[in-house]
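Biologist: I'm new to this one. Can you put it up and walk me through it?

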Amino acid sequence: MPSVSIEKLIEKLNLKNLTPEVDITIKKITQPDINRPALQLAGYFEHYEETRPQIIGFVEYSYMEHMEDEKKEEVYPRVLSDKTPCVVFCRDLKPDELFIRTAIENNVAILSTDMSTSAFMSEIIRWLNVKLAPCISVHGVLVDVYGEGVLITGESGIGKSEAALELIKRGHRLVSDDVVEIRKVSDETLVGTAPDITRHFIELRGIGIIDVKTLFGVSSVMDTTNINLVIRLEDWDKEKKYDRLGLEENYTEYLGNKVVCHNIPIRPGRNLAVICESAAVNHRQKKMGYNAAQELYQRVQNSLTRRREEEDEE
């Protein structure tokens, strides 16, 4: 099961640790959901999700300030369960001494941020959704082409890395070469990243490993992008019939999400970079409502209709 450490959360969201005595290396966040324990502070613990990060906003903080000490001693240990990964106070609010002491006893990290509650909730949910999303690794190259994430796949040695290098020289950006980590962020969105070890590197047979970021600059790489299009390279087979109109979309599936897929036959003289660029722009144009294949089909139908009308008139 994927997890995120409290250390990583503090580093990414620039949080302050109010309980340095707590060992934050032990606790892990294992789900992208959060909880605001307003009802729990009032004493209602039915359906309490204690394994989620707990977010304290101004409303919860105001209620805590007016709680009697006896009520606090009863409620705090239940809110600060040993299963709770952390509690985050927004707006730079500071908990009372009893809350801190109870948290230390139960090994729960108390964190603080100066962000507003709504803004912080939005940010932590977005970040956790990416980090804790279902993930697979596929063999291929991921490049950002005109804002479209293009995943180039195919057999080893077919020319994926060479196509990516040519795209980089034409001003596009590399995300990952050889291994692409795909995360399902939602039912509509797949996000691709590179493993930490191979990030910004490309392997070229006969040359070896090159560092794209060093050779072409920081504008030639990016850490992550949505996967909008898959281009599958394959050896040219003269016996096989290839789609020449593109009236119907073909799809491939990753983690249950469908992505538009083009099978591109490879033979000497074909410029893969230009083909990938054209496929990305055409895909973008289709999303904006224009389909060139449908336009051609409509023109042919209109021409046939006019001919029939002319023949009927004669």
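Modeller: One term before we start: contact, or touching, means heavy atoms within 4.5 Å. This is a predicted model, where local features need pLDDT of at least 70, side-chain atom pairs count only at pLDDT 80 or more, and totals for chains, interfaces and linings use all residues. Residues are numbered from 1 along each chain as its sequence is written, and side-chain values use heavy atoms, with hydrogens and water left out.

Biologist: Okay. What does I202 touch, leaving out residues up to four places away in sequence?

Modeller: Its partners are S161, A164, L165, I168, L174, D177, G208, I209, I210 and V212.

Biologist: Which residues have the most contacts inside the largest nonpolar core?

Modeller: I202, I231 and L233, in a core of 29 residues. A nonpolar core is a set of buried Ala, Val, Leu, Ile, Met, Phe, Trp, Tyr and Cys residues joined through side-chain atoms within 4.5 Å. Buried means under 20% relative accessible area, exposed over 50%, and partly exposed in between, with a 1.4 Å probe and protein chains only.

Biologist: Which elements each supply at least two residues of that core?

Modeller: Strands β8 (141-145), β9 (148-154), β13 (201-204), β16 (229-235) and β18 (257-266), plus helices α7 (160-169) and α9 (272-287). The largest share, six residues, comes from α9. Helices (H or I, at least four residues) and strands (E, at least two) are DSSP runs, numbered from the N terminus.

Biologist: What does the second core include?

Modeller: That separate core has 22 residues, among them I10, C86, C90 and I124.

Biologist: Let's zoom out. How many helices and strands does the chain have?

Modeller: Ten helices and 18 strands. Of the 314 residues, 44% count as buried.

Biologist: What is the radius of gyration of the chain?

Modeller: The chain has 27 Å, while a compact globule of 314 residues would have one near 20 Å. The radius is taken over C-alpha atoms, and the globule rule is 2.2 Å times the number of residues to the power 0.38. Along its principal axes, the C-alpha trace spans about 95 × 60 × 30 Å.

Biologist: What share of the contacts with a separation of 6 or more joins residues 24 or more positions apart?

Modeller: That share is 69%.

Biologist: Switching to F216. Where does it lie?

Modeller: F216 is in helix α8 (residues 212-216). It counts as partly exposed because its relative accessibility is 32%. Leaving out residues up to four places away in sequence, F216 touches L165, I168 and K169.

Biologist: And T102: buried or exposed?

Modeller: T102 is buried, at 6% relative accessibility. It lies in helix α5 (residues 97-105). Its contacts are Y76, P77 and L80, again not counting residues up to four places away in sequence.

Biologist: Now backbone angles. What is phi of N14?

Modeller: Near 55 degrees, a positive value in a residue other than glycine. Most residues other than glycine have a negative phi. N14 sits in the loop between α1 (6-13) and β2 (16-17). N14 is exposed, with a relative accessible area of 66%.

Biologist: What about phi of D178?

Modeller: Near 80 degrees, also positive in a residue other than glycine. D178 is in the loop between β10 (173-176) and β11 (179-184). With a relative accessible area of 32%, D178 is partly exposed.
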